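Welcome! Here is a short tour of the strands and pockets in the structure below.

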Amino acid sequence: MWTEGQPTFTGVPLQTILTDAGIDEGTVSAVAINDYAVQIPVDEVTADYPIVAFQQNGQAMSVRDKGPLWVIYPYDSDPALQSEVTYARSIWQLVRIEVVR
């Protein structure tokens, strides 16, 4: 899809980030370098996915390689994650997460 082969990603579960920020309901907006934004309902974030990845194959991701941060889901682990909604939420070049009021 966006990468070649079967890359591995290292990151922090988005749920951990939201919990640490005291966000447990509503919707967050994930914003990219170019101001592209996607909305992610907090109640659809699980302990396992998505993650906010900061490494691909053990290497920090440059802006050229969709970094520095990329919201990633385990697409191959569940056919339900192979949807346009999930793909649209897989924002790369992430620079901030904001609460939507």
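An open sheet of three strands has the order β3-β2-β7, and its pairing is antiparallel. Its edge strands are β3 (37-41) and β7 (94-100), each of which pairs on one side only. On average, neighbouring strands of this sheet are turned by 25° against each other, direction ignored; axes here are lines fitted to C-alpha atoms, with angles from 0 to 180 degrees between N-to-C directions. This is a predicted model, in which local features need pLDDT of at least 70, side-chain atom pairs count only at pLDDT 80 or more, and totals for chains, interfaces and linings use all residues. Residues are numbered from 1 along each chain as its sequence is written, and side-chain values use heavy atoms, with hydrogens and water left out.

**How strands are defined**
- Strands are DSSP runs (E, at least two residues), numbered from the N terminus.
- Two strands pair if DSSP finds at least two bridges between them.
- In general, strands of a sheet pair through backbone hydrogen bonds, either parallel or antiparallel.

- Strand β2 (residues 27-32) is joined to β3 by five bridges, and the two run antiparallel.
- Ala 30 stands opposite Val 38 in β3.

**Around strand β4**
- Strand β1 (residues 9-13) runs antiparallel to strand β4 (residues 51-56), with five bridges joining them.
- Pro 13 stands opposite Ile 51 in β4, and Ile 51 also has Ile 72 in β6 as a bridge partner.
- Three bridges join β4 to the antiparallel strand β6 (residues 70-72).
- β4 also pairs with strand β5 (residues 59-60) in the antiparallel sense, over two bridges.
- Gln 56 stands opposite Gln 59 in β5.
- The hairpin of β4 and β5 has two residues between the strands, and Asn 57 there takes a positive phi near 55°.

**Pockets**
- A pocket is an open set of points on a 1 Å grid over the protein atoms alone, where a 1.4 Å probe fits, with protein on both sides within 12 Å along at least five of seven lines; lining residues have an atom within 4 Å of a point.
- The largest pocket has a volume of about 330 Å³, a volume being the space filled by probe spheres set on the points, which are joined across faces, edges and corners.
- Of the 14 residues lining the largest pocket, Thr 3, Pro 7, Phe 9, Tyr 75 and Asp 76 are the closest to its centre.
- The second largest pocket has a volume of about 150 Å³.
- Residues lining the second largest pocket include Trp 2, Tyr 36, Tyr 87 and Trp 92.

Key: Helix = DSSP H or I, 4+ residues; strand = E, 2+ residues; numbered from the N terminus.
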